[in-house]
Amino acid sequence: MVAVTTEPEPEPEQRADDPDPDPHEPVLTVGAVARRLGIAPATLRTWDRRYGVGPSEHASGRHRRYDSRDVARLELMQRALVRGASPADAARYALSETRAEQPTDLVGRALRLPGAGRLARGLGRAVLAMDSVGAQRLLGEAIEASGVPRVWDDVVRPVLAAIGRRWSTAGATAELEHLLYECVLAALIRATPLVTQPRNPRPVLLACVPDEQHTLPLHGLTATLAGRGLGTKMLGPAVPSDALVAAIRRTAPAAVVLWAQLPRNADPALAAVAPRGRQRTRLFLGGPGWRAIDLDPRLVLADGIGPAADDIENAVL
């Protein structure tokens with residue numbers, strides 16, 4: 001790939017009459033987009049001037065502002081350059097791909113994410129391109145900036161739901177779901193600090209109920225609790241009931257979280273797994289599976305990563 005260098009152009013001063021950006025459409029400056037792509041701001045201006053791959057709206061005398069669609073075009077152009085295309089061919093490819101996007105759940109490189117923010121759309125593009133490095137980088141930066149609960153609700157869940165909708169209507173998205181799962185899991189594990197001096201004398205035990213394989217929310221909850229200095233023990237997917245009882249006896253946890261994503265896996269009999277003794281163990285039932293069945297009203301439902309972490313923190317301290 002031949003790098004094109006130009007003398008940097010000074011950015012025009014911000015004018016007092018510049019309109020405020022649309023609150024529903026985040027916009028980025030040249031510098032922010034350059035940092036995101038790992039290229040020089042002068043290169044972005046060259047792509048805009050020579051090939052027309054720039055901000056959709058740019059009035060003379062005002063700062064360039066890139067919206068999510070503009071960034072998507074730049075990412076496509078950069079990917080084509082890495083694969084050996086000339087700048088002109090890469091620009092034509094990026095422009096043709098983004099013009100061809102249609103409002104369907106999955107068209108070419110577009111996932112339908114109505115109402116989702118810039119980060120969710122960026123994650124969707126990365127997953128569709130099978131770009132695990134880009135997806136993990138985006139997730140890591142988002143978690144560092146906003147925390148696990150917000151990223152889970154605003155970024156991860158919308159993309160998971162969009163892929164699930166596509167699978168229910170057209171199928172053939174298993175590879176996307178698997179790649180997204182691994183990227184999210186890796187990001188959550190990296191966001192989980194080692195708690196060497198926990199604030200809680202007795203740990204929090206987290207496990208999926210028997211036959212339940214959906215562990216991502218539990219990893220998100222574990223990362224959130226660890227970030228608050230709480231000690232946890234994560235058992236993972238599909239924990240047999242006898243193994244769960246044995247783990248509770250061996251660790252004497254202050255709280256147990258049982259996750260059930262699917263109603264068929266949510267067995268009310270599991271509410272009795274905590275053995276009775278002098279040390280009380282609080283039981284939390286997490287996941288949408290529990291909400292679909294009749295439960296003893298005295299049982300505590302852990303609803304959402306952030307609120308669940310609040311309830312558990314209050315219970316164990």
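The model is predicted, so local features need pLDDT of at least 70, side-chain atom pairs count only at pLDDT 80 or more, and totals for chains, interfaces and linings use all residues. Residues are numbered from 1 along each chain as its sequence is written, and side-chain values use heavy atoms, leaving out hydrogens and water.

**Exercise 1.** Work out how α8 and α9 are oriented to each other and which residues make their contact.

*Solution.* Helices here are DSSP runs (H or I, at least four residues), numbered from the N terminus. Start with the angle: α8 and α9 pack at about 15°, and their axes are 9 Å apart. Axes are lines fitted to C-alpha atoms over the stretch in contact, and angles run from 0 to 180 degrees between N-to-C directions. That makes α8 roughly parallel to α9; the cut-offs are under 35 degrees for roughly parallel, over 145 for roughly antiparallel, 65 to 115 for roughly perpendicular, and oblique for the rest. Next, the contact (heavy atoms within 4.5 Å): α8 brings Tyr181, Val184, Leu185, Leu188 and Ile189, while α9 brings Leu216, His219, Gly220 and Ala223.

**Exercise 2.** Now take α9 with α12, and find their orientation and the make-up of their contact.

*Solution.* α12 covers residues 305–316, and the two helices pack at about 50° with axes 10 Å apart. α9 and α12 are therefore oblique to each other. On the α9 side you'll find Pro217, Gly220, Leu221, Thr224 and Leu225, meeting Ile305, Ala308, Ala309 and Ile312 of α12. Sort the contact residues by class and you get seven nonpolar, two polar and no charged. For this sorting, Ala, Val, Leu, Ile, Met, Phe, Trp, Tyr, Cys and Pro count as nonpolar, Asp, Glu, Lys and Arg as charged, and the others, Gly among them, as polar.

**Exercise 3.** Describe the lining of the largest pocket: which residues are closest to its centre, and which helix supplies the largest share?

*Solution.* α7 gives the largest share, eight residues. By class, the lining has 13 nonpolar, eight polar and five charged residues.
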